[in-house]
Amino acid sequence: MNFKLKDLGPQLITVLAVVLVFGFFTYNAQVNMENRGIDFGYGFLSQESSFDVQFSLIEYDGSHSYFRAYLVGLLNTILVSVIGIILATILGVIVGIARLSPNYLINKFAAFYVEFFRNIPLLLQIFFWYFAALRALPLPQDAEPMFGISFLTIKGLFVPAFIWQNFNIFFYSIVAAIIAIIVIRIHAKKVQETQGKQTPVLLISIGLLLILPLLSFLIGGVRLEFEVPVLKQLATTSFIYEGGVSLPPELIALALSLSLYTATFIAECVRAGIQGVGKGQKEAAASIGLTPNQVLKLVIMPQALRIIIPPTTNQYLNLTKNSSLAAAIAYPDLVLVFAGTALMQTGKAIEIVSITMFTYLSLSISISILMNWYNKKIAIQEK
Amino acid sequence: MSKINFLKPDKSNLYTFLYLGTFLFFVSVLDVLLNSFFSLNITGFLPDFLSFLLPLIIGFIGLYFIRIELSGIKQLDLLNKHINTNNFNAVLSLLIIFIILKSIPPILNWFFVEASFAGDSKDVCTGSGACWTYIKVWMRRFMYGMYPNGEQWRINLSFIALALLGSVGYFATDRFKKYLTLYYVVIYPFIAFLFIFFFISGGPVFFDFSYGIIAAILSIIIGFFIPNKFKFYYFLIVPFGLYILLKYFIFYEELIELGKLDGLNWVETGAWGGLSLTFIISFFCLIFCFPIGMAFALGRRSGFPLIRYISIGFIEFWRGVPLITVLFMSAVMFPMFLPADFFIDKLVRCIIAISLFEAAYVAEVIRGGLQALPRGQYEAAKSLGMGYWRMHIFVILPQALKLVIPGIANTFLALVKDTPLIFVVGLLEIVGMLNLAKTNPEWLGFAMEGYVFAAIIFWIICYAMSKYSYNLEEKYKTDR
């Protein structure tokens, strides 16, 4: 009993301190809100927002609700994060492997890239791309077409839009291809474990991914047309492209700087992962007669991935959080649309900031739960 | 068969291939060199496509010819080993050499040759290069923000003094080495705080500071004549006594006049800015986030479940949200949580917010170090009869912190790189000042120069920090 009491003391003091601080804050918040005549509540979410957003993935204008504005911001955040993650992964893996190259020049070039981009604040890079580099692009009327169909101008990148007929059949064909690939992979693994035979899974997968959608074009009646952007004159000196998809320069600058910056960290993760696999592993694999490709596929990568994936997921998370810097260049992401404009209009500081933080928090906590699960799954089963 | 053998370089006809390959390689490099530096195209008579690819092809053949294993020539073997191991590597090496050659002239032109340095107005910037005049004219703003020009010596003096005080550790003799930790953890931050609060901020509070300085100097001078036996008690009592004596009894009126130093004006924190603000914020956040982070790292490993859950909650909360929303919170939400008449300065709120945010990251890094220590260390310390605090201070933390030096350095680097975000609350450090200067109607169109300038400064700071952390890591690396 005595022992327990000794344990209870410090805990009680800590909890008391936390409760006191929070109580103090809530009390003050109540008093302040009463004094200023603000009431607390989330009812404003269904009110009409009456502000416009420049770029949104879903239909939105001033007559929609604040909740829809929140969704617009969230989707924009997710869009830029996904683009950034894809680009950063590709670049990061290439640079990470290049840093391990025996070629002196490639090695140093990759090292220079990493040292250069990761020692400059991300915000500065975003400003640089948005205010300095992308401002040097031509005006819409002077733009040279890229590959004849898309235009990179100071007002953004204009690419052709896809116009689908029977899109759902195309979609189903891709889903079917993916399911077939998973089945084949499982089967191939079983065959390999029982009979030791290797099946060319990669070739079959690529073939399936190509053939099934192609069949949907030939048999399923899927049609694809391109809507090429066309230059249109708004006023004597003002031009804009119509039709197609337009990516605003804010999105381009943000995705570019996010991926260039995060790629440096991913490159370091990849390098550390591959270096983390002991030299003995490679030699042992080679000595039992595996080919270099098999060594890479069956021995090195499974072990390297175990080291690479957790910190890389962390970097993805960082990228998503860093995408909130969009507010600095007026890309309408969650922070700008919701914690910026909506907060200005409603004045509901506590509600809006807490919703914004909670959104990011749930995003990162769900990713870290996933990561922990994955970590447990791939961890070496020690006895 | 003999034909293939003839084309395949080996030792028997080494010099033929060596001369031929070197010649071809140098021709390709020369072509690109002339092209980029003197815009001469010696292959201009060929079709565009061929003329573009020719250096690559020639260089590739050249490198293929000189790829002779074990030639016995040291330089050649070295070259082959480093940039010319196989066809793929040869092409990549050539591409990188060409890219470097191609990009040097435009960069040099922009930075130096075509750039304008002289003058103090926009009119001198007519060339196609950078306009460093812009940086020169705006230098004071970029360094000190809106701090009044006449008062900027205060910032300079404070930084110089703090740098000198900070370098004390290098000159300390063995006798004082053991007090260094105390000095850097407690005394130095306190002095820095006094400097920044009373000297850079200035104003009426400066009186107190001057009493303190006078009391300290007087007591140190008298201290030389005090026998060693009583020195400890002397320094414990006399400076504070002198301070109170000076402040309340002697020289009261006279010292107010002295303390004023003819107008150390109060400069509100809203006017601070530029690179000096970056330093101030980084410095304080760095000092505060470390102990907070350490406390939460210990809390997360504590045996008390309630303390552990509170620590986990704290860490995961700050790690889960972006810094920009934290700053938003400190700007718009935090004032609501305080009594109406209670005002906390914007800069202080910012420093608190960033410190708490980075503390969560520091906590995770330190936890990594704590977890990496073998259990034997804990058990050995306990078996010597050490309690929780003594065990951690003398056995666990010194080893754990040594392990996590790179992680801590990365967190501090992230902190320095995060300071520009304070634009959210309206404080303008160097990047914010750049954005302000960019919109000045007299100086439109020099965004590039400004960002390059700031990028160079940040790069130097961050690179120096990362190299320093690497040195520290090497210094404290002890074999186990």
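Select B:Leu327 to begin: setting aside residues up to four places away in sequence, B:Leu327 touches B:Cys350, B:Ala353, B:Leu421, B:Ile422, B:Val424 and B:Val425, where contact requires C-beta atoms, placed from the backbone, to lie within 7 Å. This is a predicted model, in which local features need pLDDT of at least 70 and side-chain atom pairs count only at pLDDT 80 or more, while totals for chains, interfaces and linings use all residues. Residues are numbered from 1 along each chain as its sequence is written, with chains lettered from A and ligands numbered from 1 in the order in which they are written.

Colour chain B by pLDDT, the predictor's confidence in each residue on a scale from 0 to 100: the chain averages 80, and 91% of its residues score at least 70. For the complex, the predictor gives an ipTM of 0.82 and a pTM of 0.83.

Now select residues 66-98 and 249-276 of chain A, helix 2 and helix 7, which pack at an angle of about 40 degrees with their axes 6 Å apart; helices here are DSSP runs (H or I, at least four residues), numbered from the N terminus. The residues making this contact include A:Gly84, A:Ala88 and A:Gly92 of helix 2 of chain A and A:Leu254, A:Ala255 and A:Ser259 of helix 7 of chain A.

Turn to the interface, where 47 residues from chain A meet 44 residues from chain B. Helix 1 of chain A gives the most to the side of chain A that touches chain B, with 11 residues.

Two single residues remain. A:Ala330 sits in the loop between helix 9 and helix 10 of chain A, and its phi is near 65 degrees, a positive value in a residue other than glycine; A:Ala330 counts as partly exposed because it has 14 C-beta neighbours inside 10 Å. B:Leu20, in helix 2 (residues 14-38) of chain B, is 344 residues from B:Glu364 in sequence and 59 Å from it in space, C-alpha to C-alpha.

Terms used
Contact = placed C-beta atoms within 7 Å. Axes fitted to C-alpha atoms, helices over the stretch in contact; angles between N-to-C directions. Helix = DSSP H or I, 4+ residues; strand = E, 2+ residues; numbered from the N terminus. Buried ≥ 20, exposed ≤ 12 C-beta atoms within 10 Å, placed from the backbone.
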